[in-house]
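Q: Can you walk me through this structure? I'd like to go over its charged pairs and one bit of sheet.

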Amino acid sequence: MQALVRLWTGAIVALMMGFSVAAHAQVVTEIIDPPLEDPVLEARAQAVHKLIRCLVCQNQSIHDSNAGLARDLRIIVRDRIAAGDTNDQAIQYLVDRYGDWVLLKPPLKASTIVLWLGPFLILLLAGWFAWAYFRAAPSQVAKAVPLTEEEQRRLAELLDPEA
Amino acid sequence: MRPMAYMPPVMFAIVAVALALGLLIVKPKEIPSALIGQPVPEFDLPSVVGTPHGFSNADLIGNVSIVNVFASWCLPCRAEHPLWVEVGEGGLVPVYGLNYKDSQENASKWLADFGDPYTSIGADLNGRVGVDFGVYGVPETFVIDGQGFIQLKFIGPIDRFALENEILPMVQELQALMVAEGAE
């Protein structure tokens with residue numbers, strides 16, 4: 001049994017290490033597209049990359065994605081920044097083409113208000129529910145009636161049959 | 001029963017309905033286009049080797065037209081292609097091709113093998129024009145009105161139902177609009 005557990009643990013650890021190696025391999029292959037020569041501009045480009053959603057893999061930023069389109073968009077962002085765009089202008093360039101959808105952090109506006117305020121509404125609702133629930137609980141306890149004399153006598157008998 | 005006792009099933013129902021809507025109605029793979037009602041981007045692309053003309057945004061002004069984004073490496077494009085051949089032969093609306101990030105050799109062989117329904121084709125070698133059109137996968141299809149404004153975007157391969165119930169009706173509507181405006 002002990003040996004079996006050890007075997008399983010070993011297998012799981014080996015598997016996890018395998019995955020972590022695979023994850024690193026991804027990170028390496030991802031930086032094929034050439035960075036900008038100016039490190040300051042490159043840092044700005046990469047900061048923008050991290051805000052832009054990959055349209056193919058959807059929950060990754062273009063910084064993390066291996067998709068061909070993500071690479072194209074990374075290069076476009078670099079081109080815009082090298083051409084003198086501010087970060088916001090480079091972001092707007094992509095929003096003009098792909099909509100707010102391309103932003104990992106959606107802007108606060110009428111169509112996204114539910115997205116932004118929804119969690120707080122749910123929290124408020126849950127709070128109200130909890131408050132109502134716990135307020136109701138003590139009244140249940142208060143309803144408990146003390147034992148009658150007859151019951152007390154019977155209880156004493158049961159606990160101490162010799163008396 | 002106390003009213004609170006109804007809460008768990010009610011909450012379950014709310015969550016279940018929300019999830020069902022998300023699963024059945026919302027298509028997470030279809031990103032709404034930001035370019036509907038916008039003018040087509042400016043571009044001037046060379047032709048695919050073996051085809052006579054290139055393709056520029058000027059071609060899209062003056063006529064209702066269809067722009068079909070395709071590539072020889074794209075299998076769904078092959079699936080929808082016979083329908084475009086049919087539309088091309090019908091001659092009711094010009095279909096322009098945007099050959100997206102393709103090898104010239106493969107693209108001309110593909111057209112020779114499966115037919116070339118396109119009025120003209122632009123070779124978008126690095127995909128920049130595709131990005132200007134908001135393309136994020138192939139195939140994609142756009143319907144452009146007579147003034148060169150994008151009026152419809154279809155994501156993924158078309159089938160006969162989509163062609164006859166979505167794309168061609170939009171083309172006819174826009175053509176009727178142009179005739180009406182021309183008559184004024």
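The chat below covers salt bridges and then a pair of strands.

Q: What kind of model is this?
A: This is a predicted model.

Q: Okay, chain A. What does A:Arg153 form a salt bridge with?
A: Its partner is A:Glu157. The closest N and O atoms are 3.5 Å apart.

Q: Where do those two sit?
A: Both are in helix α6 of chain A, residues 149–159. They are four residues apart there, so about one helical turn separates A:Arg153 from A:Glu157.

Q: How accessible is each?
A: A:Arg153 has 47% relative accessibility, so it counts as partly exposed. A:Glu157 is at 42% and also counts as partly exposed.

Q: Which residues are linked in a network in chain A?
A: Salt bridges link A:Asp33, A:Glu42, A:Arg74 and A:Arg78 in a network.

Q: Now chain B. How far apart are the closest N and O atoms of B:Asp113 and B:Lys109?
A: They are 3.0 Å apart, and the two residues form a salt bridge. B:Asp113 and B:Lys109 lie four residues apart in helix α3 of chain B, which means about one helical turn between them.

Q: Buried or exposed, that B:Lys109?
A: B:Lys109 is exposed, because its relative accessible area is 53% and the cut-off for exposed is over 50%. B:Asp113, at 47%, counts as partly exposed.

Q: What about B:Glu140, what does it form a salt bridge with?
A: B:Glu140 pairs with B:Lys153, with the closest N and O atoms 3.2 Å apart. This pair links distant parts of the chain. B:Glu140 is in strand β6 (residues 140–144) and B:Lys153 in strand β7 (residues 150–155), 13 residues apart.

Q: Are they buried or exposed?
A: B:Glu140 is buried, and B:Lys153 is too.

Q: Switching to strands. How many bridges join β4 to β5 in chain B?
A: Four bridges join them, and the strands run parallel.

Q: What does the chain cross through from β4 to β5?
A: It goes through helix α3, residues 104–114 of chain B. This β-α-β crossover is right-handed.

Q: Which way do the residues of β5 point?
A: B:Ile121 and B:Ala123 point one way, while B:Gly122 and B:Asp124 point the other way. All of them are buried.

Key: Residues are numbered from 1 along each chain as its sequence is written. Chains are lettered from A and ligands numbered from 1 in the order in which they are written. This is a predicted model: local features need pLDDT of at least 70, side-chain atom pairs count only at pLDDT 80 or more; totals for chains, interfaces and linings use all residues. Side-chain values use heavy atoms; hydrogens and water are left out. Buried means under 20% relative accessible area, exposed over 50%, partly exposed in between (1.4 Å probe, protein chains only). Helices (H or I, at least four residues) and strands (E, at least two) are DSSP runs, numbered from the N terminus. Two strands pair if DSSP finds at least two bridges between them. A crossover is right-handed if, with the strands pointing away from the viewer, the path from the first strand over the helix to the second runs clockwise. A salt bridge is a side-chain nitrogen of Lys or Arg within 4 Å of a carboxyl oxygen of Asp or Glu.
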